[in-house]
Amino acid sequence: MAYQPKSYRKFLAGTVTAAVVASAVTPVAAADKTFPDVENLDQETKEAIYALVDAGTITGYEDGTFKPFNDINRGQVAKMIVRHLGLELPEESAGVFADLSADSEFVLYAEALYNAGIISGTPQEDGTRTYGAGQPLTREQMAKILVNALDLVGTGEEVEVKDLNEAAADQREYIQTLAQLGLTSLPNGEFNPKDAVKRSQLALFLYRASQLEVEDISVSAVGAKKLEVKFNAPVDTNKAQITLKKGSINVNVSKVTFADDKKSAIVETTTKLTEGEYTVSVTGVTAEALTSSVTVQNERIQKIEFLSDVATISASDSTRATVAYKVYNQYEEDVTKSATSLVLTTTAADSVNTGYNAANGIITLDNGSTDYKVGDKVTISLLDAATGAFKSATVTVSAKAQTSDIEITGLYHADGKVLTADTAVGDVPSFKLVVDAKDQYGKTIVPSASDVVVTSSNPSVVDVNVAQFTTAQINGETKVVLPLVAPSTMRAGTATITIISKTTGDIAKFDVVVKAGVKADGITLQAPELVVADETVKVPFTVTDLEGNEITDETTLETSGKGVTFTTPTGISLDFVQNYLTGKAELQLSVASSVAPGKYTIIAQTANAKTTTLVVDVKEKAVPTVIVGLDSSVATSIVKGEQLVISEDKVLVQDQYGRTMGLDSLLGTTSGEYNLVLSEPTASGKVTIDTDTVSADNGALQVTGDVKGSTTLQLKLQKHNGTTFVDVPNSEFAFSSSVVEKADIVSYQIAEVGNIYDDAGTAYKRSLTVQGVLSNGSKVVVPSSWYTVSTNNSKLTYNAGQLDANGVVGGDNKDVTVKVDVIVDAHNAPVFLTKDVVVTKAAPQVSSTVVSNRVQNGAVTFTVSDVNAATFAVAFQDLFTFTDQYGESYSNDGATLTFTNLVNSDGDNTVISVSSGNGTTAADIDNAEAGDSFNVTIREFGYTNTIKVIVTP
């Protein structure tokens, strides 16, 4: 895709880390900082430099220049890429690069890139690796860093780079990717891989690479239940959400699978596609949804084929012979099992009866009471009358098929599980030996007890049963499999499975290894930075099993004989808690309020008897200690005669550890509770403190301005000692407050009103606020008693500080501009203010949305009882707070929910399903169990968001 500059595009950073920052590109004219040595560069390079400076990716020099033609070294580029991606720096150097000392300014940046897999350094003969921070960055090195950092994927098209062979062999693919994406202009067709990169060149490359964006999609039917969506550029598969409609009806999607190059996706539906137009919508990759439609035909039989020119005589009845066949639809998919209306005919004079079994794709030729003879010929044909698909063939009767050659190619489990001593006995048959068996004609055959013998060398580990040979779909192919048979009790060990052909004596062997069950072996614990009485804190930990694999499952970690046990002092506990959003357990340390300050030792022991100790330094219970300020929304100036109101939730308080804490649950009048007190240390006579104490939740302090001038007010904390309140030492916070009069106001203005919705009612109103501007530029709210308000349209009325439109807009629904006049009774003469406000009939729609912090990384947990409750739709809708363009919040009851990607975690017969109302405001789920999951797409007034729901116990 060729590069096309767009001033207002956004950086689309790569997927190396979840902390990737997407920074809005600022056009040159709006840049906060300019450089004299950049202004004369070409427009694209200048725009790239300023965009990256505004994004914090790159900086200039102390002398105010950028030095665009200076070489950039490898240390400097490490800083740039880390900043651009928002990568987290290691807390300390791990000594990855032998040539970077721990105090090097570049060491943590280089190691952050190494940890993210973006760079690898240069291996040395002594086994170390170096980075070369002071060496100039070459163009070929830059290509690799950009491709890895931004996860760029080439288009695969042929692009000639004349000097590609001059690049190191392992760098060429990265250069090709830049060329395919149009990120390098290739003057004279050459990339110049060994040249040093200039600061301006790197800015331009990074800017172009970050601007690649998806602009359109196409869709086509590729299966009876499959649509393929193609993108013109790679997409972020973690953000892309695909929905499907037929006309106005939502179509349930069972699965979406993205291609490795992230430029296409297969959308699988729960039911077959039917004749009509389907529209795919993709959100999450561009500001607006991308849509494309395709017209689909009903599924039809396209082709019939016979799998052999031999009809095999039945082993049990010589009057019968069989031939296998397959039927395919227009997408080349096997639809044999559903093709039950075919017409079968034969031309053999001695075949008196024929039939076919669609379930296994077998035609049976019945010769009545006469045995078939080897060499007999029978002509057979199959016809699909609906489509005219036809196939005819002459087959030769042959002796019955028997297993001749056999090989065991592996052990298969549909979910990729590993067979261990922890595997439930009932789950063992889901582990299957994959068998490649051929008959004497070279055809795949399912062995039977009549032609093979199967044995296990150690049935107490696992066994097999010759009668259980069957077939299974593995990676889209039909394979012969033999399920394992479980012993009465699982244990670790090895069993050699042997299969012998009775016909040829061919032998196949395979060792089935049952690994030892998961058992905690090693453990490391890291003390939290701060442990406080009456609080719970997370403890970083790592537990590994006997093979060095990390154990993250809560159940295993807590199970006696498998996990970890803790010996803790009284009042201190350690518990594993499963985080269902991350899928990993967390270790929580809880300290009772009764635990005295001091150092305490905790002993952890794994099931394999390895121990470690954790020493925690418990601090006193957190208490409010100091007032550090007021919320920025509190204006401390007062118009004379008016009040300053300070509610307790606007007072910023910290505990003794410097952490912000709320006062709401601490205020009261009994022992251990607190007062918030307001005073004027030096009585000025300027103000009157109407309410000086707050000792209950949601209270407020009040001050009236009496006399023009300034004073100092002070807030402090008091604690009840069981008898009375005493001051909390050094908790005070002082602030200035000014009382102003009309004479102090130098000008007046009407605050921004915004569009007013003409709703023919009283639901939508707009506040009208008049502000006074003081000589220092600060503003005070003018009392409504100082001014009058009128409009030039009687249907836009003013009352109690609010404007209300009822019938302003005419039948044409066009916006109407109304003039609002305000006359202020100012100090020397009246001040006349005018404001044009727009009255509109534009229907409310979502302007902003606040999503509950319960939603983490696009997922949320609900318990089994919550999901299965009839009120689940309401509970899910409550995760979202919608505000329209008029600033009004409204109920989510009108939000529709669509369920997709339902996953039944345990494979039992209780299958999670949509009970009713999919795509409506009252959609509900049935049969949800712990571990199940599904996607919910919520839609409300043009807002769409898809959240994954994980079901917890």
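Is Thr-898 buried or exposed?

## About the model

This is a predicted model, where local features need pLDDT of at least 70, side-chain atom pairs count only at pLDDT 80 or more, and totals for chains, interfaces and linings use all residues. Residues are numbered from 1 along each chain as its sequence is written, and side-chain values use heavy atoms, with hydrogens and water left out.

Thr-898 is buried, with a relative accessible area of 7%. Here, buried means under 20% relative accessible area, exposed means over 50%, and partly exposed is in between (1.4 Å probe, protein chains only). You will find Thr-898 in strand β62, residues 896–903. Strands (E, at least two residues) and helices (H or I, at least four) are DSSP runs, numbered from the N terminus.

Leaving aside residues up to four places away in sequence, Thr-898 touches Asn-250, Asn-918, Gly-919, Asn-935, Val-936, Thr-937 and Arg-939. Touching, or contact, means heavy atoms within 4.5 Å. The side chains of Thr-898 and Arg-939 are also joined by a polar contact of 3.4 Å. A polar contact is a pair of N or O atoms within 3.5 Å; within protein, one must be able to donate a hydrogen and the other to accept it, and residues adjacent in sequence count only if both atoms are side-chain atoms.

## Ser-590, partly exposed

Ser-590 is partly exposed, with a relative accessible area of 23%. Its side chain makes a polar contact of 2.9 Å with the side chain of Thr-536. Among the residues that Ser-590 touches, not counting those up to four places away in sequence, are Glu-535, Gly-571 and Ser-573.

## Where two helices meet

Helix α2 (residues 74–85) and helix α3 (residues 107–115) have axes that come within 8 Å and cross at roughly 60°. That makes α2 oblique to α3. Axes are lines fitted to C-alpha atoms, for helices over the stretch in contact, with angles running from 0 to 180 degrees between N-to-C directions. Angles under 35 degrees count as roughly parallel, over 145 as roughly antiparallel, 65 to 115 as roughly perpendicular, and the rest as oblique.

On the α2 side, the contact is made by Ala-78, Lys-79, Ile-81 and Val-82, and on the α3 side by Tyr-109, Ala-110, Ala-112 and Leu-113. The buried residues of α3 are Val-107, Tyr-109, Ala-110, Glu-111, Ala-112 and Leu-113, and what covers them includes α2.
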